[in-house]
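Me: Hi! I've got a structure open and would like to talk it through with you. Could you walk me through it?

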Amino acid sequence: MKPGRPVGQSAVGPVLVGSDIYRGSSYGPAHPLRVPRVSTVIDLARALGWLPPERFQPSPRARPAALRAFHSDDYLAALQAAEAEGRVSDEVRARHGLGTLSNPVFAQMFRRPATGAGGTLWAAEALARAATGAVHVPGGGTHHGLPDRANGFCYLNDVVLGIKAMLGAGLSRVAYVDLDAHHCDGVEAAFAGDARVRMISVHEEGRWPFSGRLTDTAGGSGFFLPVPNGYNDSEARAVLHGLILPRVAEFAPEALVVQCGADSLDEDPLSRLCLSNRAYLEALAGLRPLSPRLLLLGGGGYNPWSVGRLWTAIWGWLSGQDLPDRLPPDGREVLAALSWGRPGRPDPDPSLLDRLLDDPREGPIRPEIADRLGWLRQR
Ligand SMILES: [Zn+2]
């Protein structure tokens with residue numbers, strides 16, 4: 001079956017949805033999202049022989065009509081106008097959060113997020129039509145976007161749009177697991193109190209957007225675990241088995257959406273969690289049997305080497321590849337060509353340039369994590 005034409009009760013994928021719009025597109029020279037990410041995944045996966053044409057789906061760009069499922073007409077008009085004019089008024093900046101340090105005006109500021117949303121919508125609709133399947137959209141995962149404003153580097157919320165599309169296509173139980181270092185405030189706002197959606201987020205405590213407290217329940221739909229800095233692979237395993245897997249399993253989802261933000265990795269410059277990429281793969285391996293349909297998204301991730309390696313390793317795992325210990329020369333070349341895009345950052349550790357998987361980052365399971373898991377277990 002062609003991955004682009006899922007039909008009836010068939011299976012879809014595994015497919016990687018991507019686009020060349022990310023190649024050379026930047027939020028600007030001073031912004032953490034100046035670094036390439038999706039293009040690295042495509043290039044590294046191709047260098048490894050993991051992305052034959054039948055496994056790659058070019059991402060369609062979502063039309064404004066489709067984006068209206070979550071975003072307001074006024075906001076979408078302002079976002080398109082900002083891209084066309086290359087500037088925003090003070091009024092638009094204040095009202096819609098456009099043209100700020102976090103969400104600057106840049107050349108593809110509508111087309112790029114609309115392409116991310118289009119990819120997630122394509123995947124959500126394809127999965128909902130099929131009986132089973134798996135799709136990876138590394139350009140998706142913009143979990144902070146709000147109906148009427150840009151927020152936290154996110155202009156649109158493809159996560160919300162994708163889950164809404166699944167529900168609109170007739171699915172009645174969608175689980176959402178968010179592994180990003182930041183809390184998914186935009187997703188919570190969309191689905192709080194909706195019994196059809198179960199949200200689970202693990203994120204760094206005391207970090208922006210400061211939501212997702214342990215005692216917050218999102219009207220019964222959310223389980224939120226803030227974790228202290230230094231969060232390690234052993235703690236992630238305890239969280240996987242003590243919170244994520246049992247709460248997803250008891251919900252018996254018809255579809256599972258996992259936001260794989262790479263900023264929980266040790267090397268990320270914007271947060272202080274210390275996971276290896278093995279922790280993400282372990283979580284996905286545990287989650288895979290719990291849902292017939294799996295949608296994997298990207299998210300944060302601001303170290304160009306660690307984010308590219310993580311999402312490529314995820315695609316390799318999803319598409320059934322043996323993950324190599326040492327990368328072949330073509331793969332090492334892709335990683336060697338990356339840079340921070342500005343001076344002042346340390347050179348990457350050599351292991352980030354010639355290997356795909358990190359060494360495990362095990363450590364003690366701190367009592368506050370065990371206590372919080374115990375509290376969530378009682379709910
Ligand atoms: Zn993040």
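Reply: Happy to. One term before we start: a residue is called exposed if its relative accessible area is over 50%, and buried if that area is under 20%. Also keep in mind that this is a predicted model.

Me: Good. So which side is Asp-325 on, buried or exposed?
Reply: Asp-325 has a relative accessible area of 55%, and exposed means over 50%, so Asp-325 is exposed.

Me: What does its side chain meet?
Reply: The side chain of Asp-325 meets that of Arg-355 in a salt bridge, at 3.9 Å from N to O. This pair links distant parts of the chain, 30 residues apart: Asp-325 sits in the loop between helix 10 and helix 11 (329-336), and Arg-355 in the loop between helix 12 and helix 13.

Me: And Arg-355, buried or exposed?
Reply: Arg-355 counts as buried, at 18% relative accessibility.

Me: How many salt bridges does the whole structure have?
Reply: A search of the whole structure gives 21. One of them joins Glu-267 and Arg-361, whose closest N and O atoms are 2.6 Å apart. Those two are 94 residues apart, with Glu-267 in the loop between strand 7 and helix 9 and Arg-361 in the loop between helix 12 (351-354) and helix 13 (367-378).

Me: What about Arg-309, which partner does that one have?
Reply: Arg-309 forms a salt bridge with Asp-358, with 2.8 Å between the closest N and O atoms. Arg-309 belongs to helix 10 (residues 304-318) and Asp-358 to the loop between helix 12 and helix 13, so the pair ties together parts 49 residues apart in sequence. Arg-309 is buried at a relative accessible area of 1%, and Asp-358 is buried too, at 5%.

Me: Which residues are linked in a network of salt bridges?
Reply: Glu-267, Arg-309, Asp-358 and Arg-361 are linked in one.

Me: Switching topic: what holds the zinc ion?
Reply: Its protein donors are Asp-180 (OD), His-182 (ND1) and Asp-263 (OD), at 1.9 to 2.1 Å from the ion. Along the sequence, their spacing is D-x1-H-x80-D. His-182 lies in the loop between strand 4 (174-178) and helix 7 (185-191), while Asp-263 lies in the loop between strand 7 (255-259) and helix 9, so this pair ties together parts that are 81 residues apart in sequence.

Me: Are His-182 and Asp-263 buried or exposed?
Reply: Both His-182 and Asp-263 are buried.

Me: Now the voids. What's the volume of the largest pocket, and what lines it?
Reply: The largest pocket has a volume of about 610 Å³. Its lining has 42 residues, and Tyr-27, Leu-33, Gly-152, Phe-153 and Tyr-302 are the closest to its centre. By class, the lining divides into 16 nonpolar, 18 polar and eight charged residues. Helix 5 (residues 111-129) gives the most to this lining, with four residues.

Me: How many cavities of 30 Å³ or more are there?
Reply: The count comes to one, and about 160 Å³ of space lies in the largest cavity. Its lining has 15 residues, with Leu-179, Tyr-231, Ala-236, Leu-275 and Ala-279 nearest the centre.

Me: Which helix gives the most there, and what classes of residue line it?
Reply: Helix 8 gives the most to the lining of the largest cavity, with five residues. Helix 8 (233-251) and helix 9 (277-287) each supply at least two. By class, this lining has 11 nonpolar, one polar and three charged residues.

Conventions:
Residues are numbered from 1 along each chain as its sequence is written. This is a predicted model: local features need pLDDT of at least 70, side-chain atom pairs count only at pLDDT 80 or more; totals for chains, interfaces and linings use all residues. Side-chain values use heavy atoms; hydrogens and water are left out. On a 1 Å grid over the protein atoms alone, a cavity is a set of points where a 1.4 Å probe fits but cannot get out, and a pocket is an open set with protein on both sides within 12 Å along at least five of seven lines; lining residues have an atom within 4 Å of a point. Grid points are joined across faces, edges and corners, and a volume is the space filled by probe spheres set on the points. Ala, Val, Leu, Ile, Met, Phe, Trp, Tyr, Cys and Pro count as nonpolar, Asp, Glu, Lys and Arg as charged, and the others, Gly among them, as polar. Donors are N, O and S atoms within 2.8 Å of the metal (3.2 Å for Na, K and Ca); water is not among the atoms, so sites may look incomplete. Buried means under 20% relative accessible area, exposed over 50%, partly exposed in between (1.4 Å probe, protein chains only). A salt bridge is a side-chain nitrogen of Lys or Arg within 4 Å of a carboxyl oxygen of Asp or Glu.
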